[in-house]
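Welcome, and please take me on a walk through this structure. I have it open in my viewer: what should I select, and what is there?

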Amino acid sequence: MNQTVRTRPDGSERPLGEAYDTALLDLDGVVYAGGEAIAHAVESLETARAGGMHLAYVTNNAARTPETVAAHLTRLGVPAEPSDVITSAQAVARLISEQVPAGSRVLVIGAEGLRVALRERGLVPVDSADDAPAAVAQGYGGPDMPWSRLMEASYAVAAGVPWFASNTDLTIPSGRGIAPGNGSAVEVVRIATGATPQVAGKPQPPMHRETVLRTGAERPLVVGDRLDTDIEGANVGGVDSLLVLTGVTTAAQLVAARPEHRATYVAADLRGLLVAQPPVVPVAGGFRCGGWTASVDGGALALEGDGDSVDGLRALCAVAWTAAGGGVCELDSAKAVGLLGL
């Protein structure tokens, strides 16, 4: 990734909803978890939309169709049209259509969202490796996907059929905790065959391309909860990002983030779209943000002050990322992060 290494979160004098024209929002862990709206999400998105920000929903979940996702969001109180939803199923379908002839059969390991996306690209979904598929498309199939589907994928891939994955997220957030994602199922086929799929979803470029083509965003802001998909995908695409702490990423993981996983901004939840981002300012021996000052003390990160806990996290990130440069911070951060209660 040829870009300047980020050493601290950015500040913004204007609310992010005013500074950017389009929010490219992840869904699981950002807008909802386990199908239910995350606290403050509905009212925050309503306010951002009323202020003129375009909301687009960009998800690595290939199981559901854009129509189904839009209907779900609308029921939660977040009005959305199918055209507002961009899925990894759409990205992988475009990727496959560029490499096989129109009308080709594609073995589908996944749910209806993937089948619909393939049909939109003029491809024919099939269910068996014996159906002479020109490609294998693997996406999240839901908690009840039978083991036999992974067997069909393995038979075809082992026979040399090109293999495509909508995404490789190892985990997904749910209402009961963290659950295995499509990446875990992809690993099953990889282990069985020794092959490696072409991947379309975040953080890979095909997903960024699909999003730009469908939204027409000029000043986009990626909003997500995952460092290895949402934030890395934003960095790959050269787009600013907002990490919210309502999903899988913890404060400690953000402090220890590798350069490609460092977010432009950080907020506790989607209310971060509605406010300015305070600057992170260098001071003697460290960085200050809001009422907090972070520094290094005896090989460990230290934090003093009070106020908004996320301000303290921003200051800690600045110290850790600066110390790590282009690598991973090896300073002990447990005590300092623990002071924030995040």
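**First stop: a pair of strands**

Start by selecting residues 286-289, strand S17, together with residues 292-297, strand S18: the two pair in the antiparallel sense over four bridges. Keep in mind as you look that this is a predicted model. To find one of the bridges, click on Gly 286, whose partner in S18 is Ser 295.

**Next: the sheet around the pair**

You have an open sheet of four strands, in the order S16-S17-S18-S19, with antiparallel pairing. Strand S16 (281-283) and strand S19 (300-305) are at the edges with a single partner strand each, so one side of each has no neighbour in the sheet. Look along the sheet, too: on average, and ignoring direction, neighbouring strands are turned by 30 degrees against each other.

Then select residues 309-324, which form helix H11. This helix lies across S17, S18 and S19, and runs at about 35 degrees to S18.

**Last stop: the largest pocket**

Which residues lie nearest the centre of the largest pocket? Select Tyr 140, Gly 142, Met 145, Pro 180 and Ala 185 to see them; the whole lining has 16 residues. Helix H6 (147-158), strand S11 (177-180) and helix H7 (182-193) are the elements that give two or more residues to this lining. H7 gives the most, with four residues.

The space they line has a volume of about 260 Å³.

Note on methods. Residues numbered from 1 in each chain as written. Predicted model: local features only at pLDDT ≥ 70, side-chain atom pairs only at ≥ 80, totals over all residues. Heavy atoms only, no water. 1 Å grid on protein atoms, 1.4 Å probe; cavity = no way out; pocket = protein on both sides within 12 Å on 5 of 7 lines; lining within 4 Å. Points joined across faces, edges and corners; volume = space filled by probe spheres on them. Pairing = 2+ DSSP bridges. Axes fitted to C-alpha atoms, helices over the stretch in contact; angles between N-to-C directions. Contact = heavy atoms within 4.5 Å.
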